[in-house]
Amino acid sequence: MRGNADTQPMKRILILGGTTEARQLAGKLAAQAQVTLSLAGRTENPVAQGVPVRVGGFGGAEGLATYMTENRVDLLIDATHPYATRISANAAQAAGIAGVAAIALRRPAWQQVAGDRWTFVESPAQAAALLGLRPRKVFLALGRQELAPFETAPQHAYLVRSVDPVEPPLAVPDATYVLARGPFSEAGDRALLETHGIDAIVAKNSGGNATYGKIAAARMLGIDVFLIRRPQLPDMPSGTSVEEVLLLAVHGAAARKRGV
Ligand code: NAP
């Protein structure tokens with residue numbers, strides 16, 4: 001095992017990723033720890049992560065716990081997307097089973113400001129119902145797996161943006177597909193919304209800057225936004241940014257005691 005200057009063995013850190021922050025964290029921790037980044041394998045051509053990567057599910061919390069024991073993981077970092085509820089629940093449970101310290105990056109939700117025309121919904125299905133009977137032009141800023149409910153509202157014209165192609169396409173008469181990977185700028189999203197005459201957006205409250213462009217652009221253009229409510233995530237020591245989680249990962253309890 002590699003050691004650092006004072007001959008302490010390097011910490012082995014497993015980062016559950018699939019987000020920009022996970023990639024950034026991995027890069028920053030790589031100099032002082034043995035880092036492995038884990039991806040679910042949803043994206044066909046993920047961006048280079050810059051550290052060793054493993055891909056695919058672990059087989060539930062038990063599987064993740066076994067992986068951590070077998071690979072002598074010292075610290076688990078849950079840096080998955082705020083709507084990736086199963087893996088976050090598994091992370092908390094697996095850390096308990098394997099007796100491994102765990103911390104999380106919990107990205108704060110966007111807050112509504114004056115001019116935002118937000119409606120909070122529980123699910124894509126509820127958003128599809130609330131769009132109403134009158135045909136609208138709807139931008140679906142959701143994952144490929146979350147689009148099916150909109151087939152129950154075929155009266156609307158849909159614009160779908162995704163990293164990989166939506167296969168099979170939605171069974172609706174009017175759907176346009178844009179392939180793109182974030183981050184997205186406000187100016188770019190404004191142009192997209194205007195070009196397609198969008199009057200409603202369905203999105204997650206992902207937080208962060210990378211996908212906020214459409215929210216800011218919608219405010220400027222007076223467009224309705226149906227925001228899927230944030231899911232509940234397990235309680236664990238957490239930071240709200242790469243820098244905060246980095247401190248927790250490196251200094252652990254000491255950093256928490258100082259209230260960082
Ligand atoms: P999920 O519903 O919470 O997880 C479903 C299953 O996928 C998990 O039980 C686990 O399988 C596997 N999995 C998820 N993330 C994994 C990871 N980082 N490494 C290894 N296995 C993982 O997850 P999801 O919402 O489908 O998200 C999948 C991935 O996409 C995550 O890495 C997430 O950060 C990223 N992502 C999600 C969203 C979103 O809106 N949900 C948006 C952007 C990026 P096992 O139980 O077999 O271990």
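1. Let's start where two helices meet. Helices α1 and α7 pack at an angle of about 45°, and their axes are 10 Å apart. That angle makes α1 oblique to α7, because angles that are not roughly parallel, roughly antiparallel or roughly perpendicular count as oblique. The crossing of α1 past α7 is right-handed. Please keep in mind as you read on that this is a predicted model.

2. Which residues make this contact? On the α1 side they are E21, Q24, L25, K28 and L29. On the α7 side you will find V242, E243, V245, L246, A249 and V250. Sorted by class, the contact of α1 with α7 has seven nonpolar, one polar and three charged residues.

3. Now stay with α1, which covers residues 20–29. Which of its residues are buried? They are E21, A22, L25, A26 and L29. These residues cover an arc of only 135° around the axis, so they sit on the same side of α1.

4. Helix α5 spans residues 186–195 and helix α6 spans residues 213–221. They pack at an angle of about 55°, with their axes 8 Å apart. The two helices are therefore oblique to each other. Is their crossing left-handed or right-handed? The crossing of α5 and α6 is right-handed.

5. Here are the residues behind that second contact. From α5 come E186, D189, R190, L193 and E194. They meet G213, K214, A216, A217, A218, M220 and L221 in α6. By class, the contact of α5 with α6 divides into six nonpolar, one polar and five charged residues.

6. Finally, take a look at a single loop residue. Where is N205? This residue lies in the loop between β10 (200–204) and α6. Is N205 buried or exposed? N205 counts as buried because its relative accessibility is 4%, and buried means under 20%. Leaving aside neighbours within four places in sequence, N205 is in contact with Y83, A109, W110, L227, I228 and R230.

Key: Residues numbered from 1 in each chain as written. Predicted model: local features only at pLDDT ≥ 70, side-chain atom pairs only at ≥ 80, totals over all residues. Heavy atoms only, no water. Buried < 20%, exposed > 50% of the residue type's maximum accessible area, 1.4 Å probe, protein only. Helix = DSSP H or I, 4+ residues; strand = E, 2+ residues; numbered from the N terminus. Arc of directions from axis to C-beta. Axes fitted to C-alpha atoms, helices over the stretch in contact; angles between N-to-C directions. Parallel < 35°, antiparallel > 145°, perpendicular 65-115°, else oblique. Left-handed = near helix turned anticlockwise from the far one by under 90°. Contact = heavy atoms within 4.5 Å. Nonpolar A, V, L, I, M, F, W, Y, C, P; charged D, E, K, R; others polar.
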